[in-house]
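Terms are given with their cut-offs where they come up.

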Amino acid sequence: MKLGFLASGRGSNMQSILDACESGQLKAEPVALVSNNPDAYALERAKKAGLAVFYLSSKTHPQSELLDEAITGAFQSHNIDLLILAGYMKKIGPKLLSAYSGRIINIHPSLLPKFGGTGMYGMNVHEAVIAAGEKESGATIHLVNNEYDQGRILAQRSVVVTENDKAETLAEKVLTVEHQLYPETLIKIVAGDISL
Ligand code: GRF
């Protein structure tokens with residue numbers, strides 16, 4: 001199975017998947033990364049692992065349709081089977097969505113459907129969880145459709161929220177779980193134990 005990635009930032013989740021491929025635990029081949037951020041550390045990580053990397057954004061393609069087409073083309077030219085969102089801060093275009101319908105997955109740092117949707121990204125999620133007095137939070141892996149954070153849930157893992165937690169400490173706890181859950185879920189997808 002050939003994997004493509006979309007990432008906007010540090011790419012630590014992508015790295016956990018690259019590591020699982022490298023160690024042979026995940027029987028998949030990571031082949032390409034598209035980032036909308038020229039300074040994303042994810043680009044460095046992907047280059048180091050030998051992936052094809054593309055910087056495609058509204059700066060390189062001001063017309064959204066052409067951007068959507070360029071991103072879709074980048075993945076199609078590398079025969080991607082599965083598209084993995086790993087901290088991608090942009091909405092997926094309709095062309096990309098239909099080209100990989102049912103084969104795009106994302107990770108979200110809360111127990112969806114709680115704390116998902118517009119504005120629920122990065123530290124906002126953890127701040128909202130703390131403000132709501134939640135006793136647990138966690139990570140969710142889900143299929144991507146045209147609504148933010150609303151595709152079918154494939155896997156979830158929770159963490160305990162303590163009274164001492166701040167958004168930053170909760171973010172760290174959740175990220176640790178994300179780095180386990182993403183490769184584990186992909187291993188199950190490849191094995192056919194989770195169907196898309
Ligand atoms: C993660 O918390 C993920 O849940 C969210 O964006 C963050 C990406 O972190 N979608 P990284 O770039 O993988 O380090």
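1. A crossing is left-handed if the near helix is turned anticlockwise from the far one by less than a right angle, and right-handed if clockwise. By that convention, α5 and α6 cross in the right-handed sense. Helices are DSSP runs of H or I with at least four residues, numbered from the N terminus.

2. This is a predicted model, in which local features need pLDDT of at least 70, side-chain atom pairs count only at pLDDT 80 or more, and totals for chains, interfaces and linings use all residues. Numbering starts from 1 along each chain as its sequence is written, and side-chain values use heavy atoms, with hydrogens and water left out.

3. The axes (lines fitted to C-alpha atoms over the stretch in contact, with angles from 0 to 180 degrees between N-to-C directions) of α5 (residues 123–131) and α6 come within 9 Å and cross at roughly 110°. That makes α5 roughly perpendicular to α6, a label for angles of 65 to 115 degrees. Contact means heavy atoms within 4.5 Å; M123, H126, E127, V129 and I130 of α5 meet A167, E168, L170, A171 and V174 of α6.

4. S16 belongs to helix α1 (residues 12–23). S16 counts as buried because its relative accessibility is 12%, the limit being under 20% relative accessible area with a 1.4 Å probe, protein chains only. Its side chain reaches the backbone oxygen of N13 at 2.7 Å. Leaving aside neighbours within four places in sequence, S16 is in contact with H179 and P183.

Conventions:
Helices (H or I, at least four residues) and strands (E, at least two) are DSSP runs, numbered from the N terminus. Buried means under 20% relative accessible area, exposed over 50%, partly exposed in between (1.4 Å probe, protein chains only). A polar contact is a pair of N or O atoms within 3.5 Å; within protein, one must be able to donate a hydrogen and the other to accept it, and residues adjacent in sequence count only if both atoms are side-chain atoms. Angles under 35 degrees count as roughly parallel, over 145 as roughly antiparallel, 65 to 115 as roughly perpendicular and the rest as oblique.
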